[in-house]
Amino acid sequence: MNEFVFNRRTPKEIDKLIAERVRNVRKRRKISQKKLSERSGVSLGSVKRFESTGDISLVSLTKIAIALEMEGDLEALFENVPFLEEVINERNEGE
């Protein structure tokens with residue numbers, strides 16, 4: 001069994017962490033939730049819900065990232081996964 005499983009965050013915790021980071025960027029740039037909604041095309045209710053709960057669709061998160069000029073961060077997601085880790089994981093699953 002993988003010894004690191006117990007140290008991982010839950011999906012909900014990760015969602016909230018991402019929402020907090022996006023909210024912090026928005027505030028540092030002095031953009032209101034309403035303005036972000038207008039720029040992104042995501043409803044104001046969805047922006048508010050995302051920032052408070054972390055719940056959002058992937059397409060809406062992408063729209064917000066583009067509006068905040070952070071789409072590169074999403075584009076890089078899962079890009080740099082080392083191949084060696086995959087080989088080790090496959091070997092461990094076979095045991």
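## Starting at Ser 37

Ser 37 has its place in helix α2. A word on terms: helices here are DSSP runs of H or I with at least four residues, strands are runs of E with at least two, and both are numbered from the N terminus. This is a predicted model, where local features need pLDDT of at least 70 and side-chain atom pairs count only at pLDDT 80 or more, while totals for chains, interfaces and linings use all residues. Residues are numbered from 1 along each chain as its sequence is written, and side-chain values use heavy atoms, with hydrogens and water left out.

Is Ser 37 buried or exposed? At 11% relative accessibility, Ser 37 counts as buried. The cut-offs are under 20% relative accessible area for buried, over 50% for exposed, and partly exposed in between, using a 1.4 Å probe and protein chains only. Setting aside neighbours within four places in sequence, Ser 37 touches Val 42, Ser 43, Leu 44 and Val 47, where contact means heavy atoms within 4.5 Å.

## Leu 44 and helix α3

One of the contacts of Ser 37 is Leu 44, which sits in helix α3. Leu 44 counts as partly exposed, because its relative accessibility is 30%. Leaving out neighbours within four places in sequence, Leu 44 is in contact with Gln 33, Lys 34 and Ser 37. Leu 44 and Lys 34 are 10 residues apart in sequence, and their C-alpha atoms are 5.9 Å apart in space.

As for the rest of α3, which residues are buried? They are Ser 46, Val 47, Phe 50 and Glu 51. These cover an arc of only 130 degrees around the axis, which puts them on the same side of α3. The buried residues of α3 pack against α1, α2 and α4. Just after α3, Gly 54 has a positive phi of about 90 degrees.

## Helix α4 and its neighbours

Helix α4 spans residues 58-67, and its buried residues are Ser 60, Leu 61, Ile 64, Ala 65 and Ala 67. Seen down the axis of α4, they fall within an arc of 160 degrees, so they line one face of the helix. On the other side of α4, Leu 58 and Val 59 are exposed. The buried residues of α4 pack against α1 (11-28), α2 (33-40), α3 (44-53) and α5 (71-75). Just after α4, Glu 69 takes a positive phi of about 55 degrees.

How do α2 and α4 meet? They pack at an angle of about 105 degrees, with their axes 9 Å apart, and are therefore roughly perpendicular to each other. Leu 36, Arg 39 and Ser 40 of α2 make this contact with Lys 63, Ile 64 and Ala 67 of α4. Axes are lines fitted to C-alpha atoms, for helices over the stretch in contact, with angles running from 0 to 180 degrees between N-to-C directions. Under 35 degrees counts as roughly parallel, over 145 as roughly antiparallel, 65 to 115 as roughly perpendicular, and the rest as oblique.

## Two salt bridges

How many salt bridges does a search of the whole structure find? It finds 2, each being a side-chain nitrogen of Lys or Arg within 4 Å of a carboxyl oxygen of Asp or Glu. Lys 12 pairs with Asp 55, and their closest N and O atoms are 2.8 Å apart. This pair links distant parts of the chain, 43 residues apart: Lys 12 is in helix α1, while Asp 55 is in the loop between α3 and α4. Lys 12 counts as partly exposed at 36% relative accessibility, and Asp 55 is partly exposed at 34%.

The other salt bridge joins the side chains of Arg 26 and Glu 51, at 2.6 Å from N to O. Arg 26 lies in helix α1 and Glu 51 in helix α3, 25 residues apart. Here, both Arg 26 and Glu 51 are buried.

Key. Arc of directions from axis to C-beta.
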